[in-house]
Amino acid sequence: MGRHLLKRAPMIKDAIGRVKNTFTCGVTWGRSRPLSEAFFHALTGRALIRLDGDETADFLQDLITASVTDLAPGSVRQAALLTPQGRILVDLLISHDETGFTLECDRSQRDGLARKLKLYRLRRAIDITLDDRAVHAVEGGCDGILTDPRFPIPVGRLYGDAPAEPTADTDQWRRLRWHHGIAEGEAELPPEKALPLECRLDLDDGISFEKGCYIGQEVTARTRYRGLVKRSYAPVRIDGAITAPATIKVDGRDAGTVFAALPDGDGMLGLASIRLEYLHDDDASLMADDTRLEPFLPERLLPLPGGKD
């Protein structure tokens, strides 16, 4: 079977089935439940920054990869602040309300990001403050959460106190996220190294190719239009145990990197960046730490750059 067919690791398959059978959020997944009965993941490693003021939208529009002028209320959108060389400095989830915008990032990067935003602000009338609300990922539920369009199932974000104690651990959330090929945080998106098109930030409006200039825009646009993307992120099933980050090899040649991995069934589930020629080759034997691994491609990641569907 080709890698383009969605293959579920056992624990992730159970998690997906549980969500489908339990929740409704605008589509028919099964019996609807209130937010108080949803599954909460307390993301203590994520943190928030608030930007308020009449010039905030224009400020962000000129700074980050995604467009903010068409961001729907009640949802989040992935984005990134890039270096001038077009590499990810900080990955973001953006949302807005009637007074301003909320940026979510890794907690370890928040203070540095806030300082950089204040530097770029110059004399614009924008208040930039650290927001100490808790960050939760939510499986299921509709009212009171920010929907996350990266997922084909009812998943969202809740900023603030959860109506119930977290009912699922962070590792479970990471498995669910990796299963859909979604990277978050500096461990999976190494600062000043990760490229936005390789980590598929262009999906779900994470990069706007219509709005014009932002930091790193020229390099990103040239990479896309000249077909220079060489790798893609993908979830991987690992036959045994490895220590991430780990270099992926094919016949002794470097083929990519496993950035993170967790136990899953009899092996591990991980998230990796893999050279496209090996993702297009179903017969390639990929190894990390002398352990075989197999990429699988959820529908969200298709088609791959280079034409695989």
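Okay, the largest pocket: it holds about 290 Å³ of space. By pocket I mean an open set of points on a 1 Å grid over the protein atoms alone, with protein on both sides within 12 Å along at least five of seven lines, and lining residues have an atom within 4 Å of a point. The volume is the space filled by probe spheres set on the points, which are joined across faces, edges and corners.

Before I go on, this is a predicted model, where local features need pLDDT of at least 70 and side-chain atom pairs count only at pLDDT 80 or more, while totals for chains, interfaces and linings use all residues. Residues are numbered from 1 along each chain as its sequence is written, and side-chain values use heavy atoms, with hydrogens and water left out.

So, who lines the pocket? There are 19 residues, and G45, R46, D106, T170 and R177 come closest to the centre. The lining splits into 6 nonpolar, 5 polar and 8 charged; here Ala, Val, Leu, Ile, Met, Phe, Trp, Tyr, Cys and Pro are nonpolar, Asp, Glu, Lys and Arg charged, and the others, Gly among them, polar. Helix α4 is the top contributor, with 4 residues. Helices here are DSSP runs of H or I, at least four residues, and strands are runs of E, at least two, numbered from the N terminus.

Now, R177 sits in α4. Is R177 buried or exposed? Its relative accessibility is 4%, so R177 counts as buried, the cut-off being under 20% relative accessible area with a 1.4 Å probe, protein chains only. Its side chain reaches the backbone oxygen of I182 at 2.9 Å. Beyond its neighbours within four places in sequence, R177 is in contact with F151, I182, A183, E184 and E188, contact being heavy atoms within 4.5 Å. Other buried residues of α4 include W173 and W178. Just after the helix, G181 has a positive phi of about 70°.

A183 turns up again at the largest cavity, where it is one of the residues nearest the centre, along with Q78, R150, L189 and L201. A cavity is a set of points where a 1.4 Å probe fits but cannot get out. This one has about 110 Å³ of space, and β4 gives the largest share of its lining, 3 residues.

Last, the sheet: 4 strands, open, ordered β1-β7-β9-β8, with antiparallel pairing. Pairing takes at least two DSSP bridges between strands. β1 and β8 are at the edges with a single partner each, so one side of each has no neighbour in the sheet.

Conventions. Buried means under 20% relative accessible area, exposed over 50%, partly exposed in between (1.4 Å probe, protein chains only). A polar contact is a pair of N or O atoms within 3.5 Å; within protein, one must be able to donate a hydrogen and the other to accept it, and residues adjacent in sequence count only if both atoms are side-chain atoms.
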